[in-house]
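Hello! Please keep it open while you read.

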Amino acid sequence: MSSSRVVRRTAAETELAARLLLLVLLTIGHLWGAAEAQLTGVLDDCLCDIESIDDFNNFKIFPKIQKLLERDYFRYYKVNLKRPCPFWADDGHCSIRDCHVEPCPESKVPVGIKAGSANKYSKTANHTKEFEDCEQANKLGAINSTLSNQSKEAFIDWARYDDSQDHFCELDDERSPDAQYVDLLLNPERYTGYKGPSAWRLWNSIYEENCFKPRSVYRPLNPLAPSWGEDDGESFYTWLEGLCLEKRVFYKLISGLHASINIHLCANYLLEETWGKPRWGANVKEFTSRFDTTETKGEGPRRLKNLYFLYLIELRALSKVASYFERSIVDLYTGNAQEDAETKSLLLEIFTHTKSFPMHFDEKSMFAGDKKGATSLKEEFRLHFKNISRIMDCVGCDKCRLWGKLQTQGLGTALKILFSEKEIKNLPENSPSKGFQLTRQEIVALLNAFGRLSTSIRELQNFKILLQQTS
């Protein structure tokens, strides 16, 4: 074959591939247009509209919460990734490289965090020079599991307070030798390749066994459910609307968390890897497969609305707990006095914004029936969520387990805040409260979990732009 024919054939193949790619992009853009049309207006079970949340988050909250989470106090999270799954035999940890978490050297953890202070409220702790940031992790990042015994005793006094009546999560024992500090900035949440039967079993257990759902009712798009013809999930939503508010809220919180996690994976996807150098970015095709109206038979927009609902719940918790942090006795201690003061100042700025939001969710509408029935329902609500936090120890991918545990604990802390209104109102100004208290781990989880939701809503806007560019 002559070289000219090879060139003509190659050019024709290239043109055909380009046309096919354009057709795919135009189709995706058209499909998302339908989904976007449904992702608007007032949310169910509250009086807030999606457009107001977008503006508030993207212009007021997102820039500040990102700066806050880069501070030393919020970037180090202590977690036990070796706790065995309490519900089924371990499949063994994922061997995919992206699932691992890179150790952060002990010397890089701020002294105030790894050594702990005699009193977590003390403002007279020893000052220390600012530590250099951890060096960028090799490859795609792995979890820090190599700290000394001294470090393993860090923040023991922070964890002494443990009122089981308030906790919505199964908390890790910070004194366990298997609990390690992780630098969250070096272990970002992103697509790792963890999927298939193991991941499906985990989410199926969460939805089927912990969301107050009878086995005879099947979730839309559940791959483990029998085929029900043209139902398309309408019977599920008929059942859901018949539930009391508290149980509907529970389902929406879990669905919203699931949607948020999926957005993170789509927005930080391994697009290609050349000579061992990965390139991460937004995967539009993956996003549409999870949220497009047509491809998900209308389920995608519902999932995204649940994300906004979850955002409102955690936003409300932050506004209610602001007075806890506004007290002069509370110091976000790392050992660096200047940085600690700047960190608290930035946190209080965020609280000023959260309190100014005009359309907060009204948690007083929950558990408002007769006292005995409301107490029983609240306890059932708490135990179901606590069980979900235990399921996070069944995640086979270390990085997925890390972020699953953190975001679950963050939401659990938000629920604890929402249902501790009287205790928060009665906080003493200059001494710790026995009625309501937050451990450092709860504080770190709460703000990082909200930061993840803020990022999800911001990433939704990025995907809208990318899809509009292809339409």
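Residues are numbered from 1 along each chain as its sequence is written, and side-chain values use heavy atoms, with hydrogens and water left out. In this predicted model, local features need pLDDT of at least 70 and side-chain atom pairs count only at pLDDT 80 or more, while totals for chains, interfaces and linings use all residues.

Across the protein, the pLDDT averages 80, and 76% of the residues score at least 70. Confidence is lowest in helix H5 (residues 149-152), with a mean of 41, and highest in H2, at 97.

**The overall picture**

The protein has 15 helices and four strands. Both are DSSP runs numbered from the N terminus: helices are H or I with at least four residues, strands are E with at least two. Of the 471 residues, 55% count as buried; buried means under 20% relative accessible area, exposed over 50%, and partly exposed in between (1.4 Å probe, protein chains only). Among contacts between residues at least 6 apart in sequence, 82% join residues at least 24 apart.

Start with helix H15 (residues 440-469). Its 30 residues reach 43 Å from the first C-alpha to the last, close to the 44 Å expected at 1.5 Å a residue; the expected span is 1.5 Å times one less than the number of residues. H15 is mostly covered, with 23 of its 30 residues buried.

H12 has 21 residues and reaches 31 Å, again between its first and last C-alpha, close to the expected 30 Å. Its buried residues include Ala374, Leu377, Phe381, His384, Phe385 and Ile388. An α-helix has 3.6 residues a turn, so residues three or four places apart point the same way. What covers the buried residues of H12? The cover includes helix H6 (197-210), helix H8 (245-267) and helix H13 (398-418).

**The core**

In soluble globular proteins, nonpolar side chains tend to be buried together. Here, the largest nonpolar core has 116 residues. Such a core is a set of buried Ala, Val, Leu, Ile, Met, Phe, Trp, Tyr and Cys residues joined through side-chain atoms within 4.5 Å. Ile53, Phe74, Leu253, Ile254, Tyr311, Phe325 and Leu447 touch the most other members. H10 gives the most to this core, with 15 residues. Leaving aside residues up to four places away in sequence, the residues that tyrosine 311 touches include Ile53, Phe56, Ile61, Phe450 and Ile457.

**Rings**

How many aromatic pairs does a search of the whole structure find? There are 23. Rings of Phe, Tyr and Trp (its six-membered ring) pair if their centres lie within 6.5 Å; planes under 30 degrees apart count as stacked, over 60 as edge-to-face and the rest as tilted. The rings of phenylalanine 56 and phenylalanine 357 have centres 4.7 Å apart and planes at 55 degrees, so this pair is tilted. The pair links distant parts of the chain, 301 residues apart: phenylalanine 56 is in helix H2 (residues 50-68) and phenylalanine 357 in the loop between helix H11 (337-356) and helix H12 (371-391). Both residues are buried.

Phenylalanine 309 and phenylalanine 361 form an edge-to-face pair, because their planes are at 75 degrees, with ring centres 5.5 Å apart. Phenylalanine 309 lies in helix H10 (residues 299-326) and phenylalanine 361 in the loop between H11 and H12, so the pair ties together parts 52 residues apart in sequence.

Ring pairs also link Phe168, Phe212, Phe250, Phe367, Phe381, Phe385 and Phe419 into a cluster. Phenylalanine 367 is found in the loop between H11 and H12 and is buried, with a relative accessible area of 13%. Its phi is near 55 degrees, a positive value in a residue other than glycine. Most residues other than glycine have a negative phi.

Happy exploring!

How values were computed. Contact = heavy atoms within 4.5 Å. pLDDT = per-residue confidence, 0-100.
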